[in-house]
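Please keep the sequence and the model in view while reading.

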Amino acid sequence: MSTRLGRTPSGAASDLTGRGSMLLAMVLAVLGYQINATMLSPALPDVIERLGTSTAAAGLSQTLFFLMAAIGQVTLARLSDQRGRKPMMILCAFVLIIGNLLCVFAPNIEIFIAGRILQGVSAAMFTLTFLTLNQLLSPAGFGKAAGIITAVNGGLAGIDAIAGGQIADTIGFRGIFVCSTLIAVAGLIGVRRYVPDVPPTAADGRFDSRGITALALGLTGVLVGLAQGASWGWTSPLTAAFLLGGLAALVVFVVSQKSAPNPVIDIEVLSSRRAWPLLITTVCTLGGAFGAIALTIPLFSQDTRVGLGLSAVAAAVLFLTPIQLIGVISAPLTGRLGPRIGWRTVVVAGAVANFAIFLFATLFLHHEWILIASLAALGVTYGGFMLTGLNGLAVTTAPKDKPGSLSGLNGACFGIGASLGIALASAMITAGSDAQGPTEAGYQHAMYAALALLALGVVSSLLIQRPEDGGTPQSAGDEDEPQLVLAHH
């Protein structure tokens with residue numbers, strides 16, 4: 001049974017308080033996951049040193065982290081259509097906490113990677129949050145809330161990047177996961193107490209375990225092959241086995257989805273121009289921008305031989321904090337703008353601006369202040385327009401009877417894009433290394449690869465079909481007050 005909360009005078013104050021508590025709980029829940037990406041970036045050199053590992057292995061841990069984010073989002077989003085959003089959010093929180101503890105006590109890179117894999121699965125919290133908000137709030141209310149949640153996608157206003165650098169320079173990377181655990185526990189408590197039980201949108205059915213297994217094996221094979229190809233050798237049997245095996249598994253996955261009674265991915269939705277160009281745009285945007293921000297720039301800025309030779313704290317303050325801080329401001333503003341001018345317009349504008357700014361950053365990689373200004377500008381175009389616009393467009397244009405299909409798949413593409421970008425950056429840097437470590441050419445090639453992905457993102461964004469309803473502009477006078485729908489069981 002569901003109850004729609006109206007806006008009577010007696011209930012307005014409690015309604016507002018309830019929305020605030022719910023949103024705060026969701027912010028904490030997604031932040032517990034997100035700082036594992038943003039806080040760890042400046043600490044990657046410390047991970048390499050303390051665990052006695054290589055740049056390639058550290059890159060692989062990042063690749064698998066975002067790869068599992070992709071698999072977790074597409075799996076748990078679809079499962080939440082059948083089992084409900086809140087149970088899946090609680091599951092994500094528990095998985096994140098376990099992954100954090102593995103990283104805190106990791107004695108070697110293998111245990112560390114296992115922890116990162118579990119942490120990656122919890123990325124589904126983002127998609128589950130967007131789906132829940134879209135069911136509970138009006139279009140304008142969803143836009144505002146989506147902007148706030150997206151702002152968290154860049155971290156904690158840059159504070160987490162500085163803290164990550166400071167922790168790496170003092171007590172080591174393990175302290176980062178202690179912080180994440182504390183936030184994740186707070187998020188878990190908040191979700192259990194303040195997030196309403198949204199009724200499932202689909203009837204119970206058998207979950208497509210065969211399909212998700214093929215998808216997981218396919219993505220793992222391709223992305224691990226790309227990440228490790230330079231160190232294993234591009235013509236080695238191991239690299240070929242991963243790449244060809246991954247491609248074969250992806251073919252099996254696509255074929256299986258056509259006959260599965262309850263497919264992980266709806267092929268009909270996927271073949272639509274409202275879906276595949278959007279998904280390609282998401283992959284290319286994350287692959288280009290995030291791959292450079294999370295791996296290439298942190299390593300280059302701290303490289304004392306061919307890079308800028310900065311400390312972890314200085315690198316975080318100069319290159320990561322501006323993006324996150326500006327993103328925290330621009331994402332909520334974009335969330336308000338999206339329902340008015342249309343989410344597709346936001347995405348196209350962001351993709352074009354992203355490419356132009358990143359071109360400048362690539363050409364002036366060794367000019368410290370130009371690079372700082374360019375990355376700061378990405379706080380608006382990438383942290384605001386693209387992250388908010390891609391999420392907003394996917395959620396509002398998804399089929400009404402399967403809301404988790406497109407949004408879950410788009411959420412997966414965030415993870416796929418991030419892992420692809422890191423895999424390519426790691427491969428380029430490793431391939432360009434000599435006996436003394438990474439070279440200037442390696443970093444430059446990594447930036448060119450990222451720029452190429454962003455160029456593809458511009459082209460694919462222009463191919464996105466104009467939405468007929470959910471993504472269309474909303475007039476200034478349209479309903480702006482959210483309406484919560486609570487399910488009582």
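Helix α4 (residues 85-104) and helix α6 (residues 124-136) have axes that come within 10 Å and cross at roughly 155 degrees. The model is predicted, with local features needing pLDDT of at least 70 and side-chain atom pairs counting only at pLDDT 80 or more, while totals for chains, interfaces and linings use all residues. Residues are numbered from 1 along each chain as its sequence is written, and side-chain values use heavy atoms, leaving out hydrogens and water.

**Helix α4 with α6**
- Because angles over 145 degrees count as roughly antiparallel (under 35 roughly parallel, 65 to 115 roughly perpendicular, the rest oblique), α4 and α6 are roughly antiparallel to each other.
- Axes are lines fitted to C-alpha atoms, for helices over the stretch in contact, with angles from 0 to 180 degrees between N-to-C directions; helices are DSSP runs (H or I, at least four residues) numbered from the N terminus.
- The crossing of α4 past α6 is left-handed, meaning that the near helix is turned anticlockwise from the far one by less than a right angle (clockwise for right-handed).
- Arg85, Met88, Met89, Cys92 and Ala93 of α4 make the contact with Ala124, Met125, Leu128, Thr129, Leu131, Thr132 and Gln135 of α6, contact being heavy atoms within 4.5 Å.
- This contact of α4 with α6 has 8 nonpolar, 3 polar and 1 charged residues (Ala, Val, Leu, Ile, Met, Phe, Trp, Tyr, Cys and Pro count as nonpolar, Asp, Glu, Lys and Arg as charged, and the others, Gly among them, as polar).

**Helix α4 with α5**
- The axes of α4 and helix α5 (residues 109-121) come within 7 Å and cross at roughly 160 degrees.
- α4 is therefore roughly antiparallel to α5, and their crossing is left-handed.
- Residues of α4 including Cys92, Val95 and Leu96 meet residues of α5 that include Ile111, Phe112 and Ala114.
- The contact of α4 with α5 has 11 nonpolar, 4 polar and 1 charged residues.

**Helix α14 with α16**
- Helix α14 (residues 312-341) packs against helix α16 (residues 368-396) at an angle of about 30 degrees, with the axes 7 Å apart.
- α14 and α16 are therefore roughly parallel to each other, and they cross in a right-handed sense.
- Among the contact residues are Leu318, Phe319 and Pro322 of α14 and Glu368, Trp369 and Leu371 of α16.
- By class, the contact of α14 with α16 has 14 nonpolar, 8 polar and 1 charged residues.

Terms used. Helices (H or I, at least four residues) and strands (E, at least two) are DSSP runs, numbered from the N terminus.
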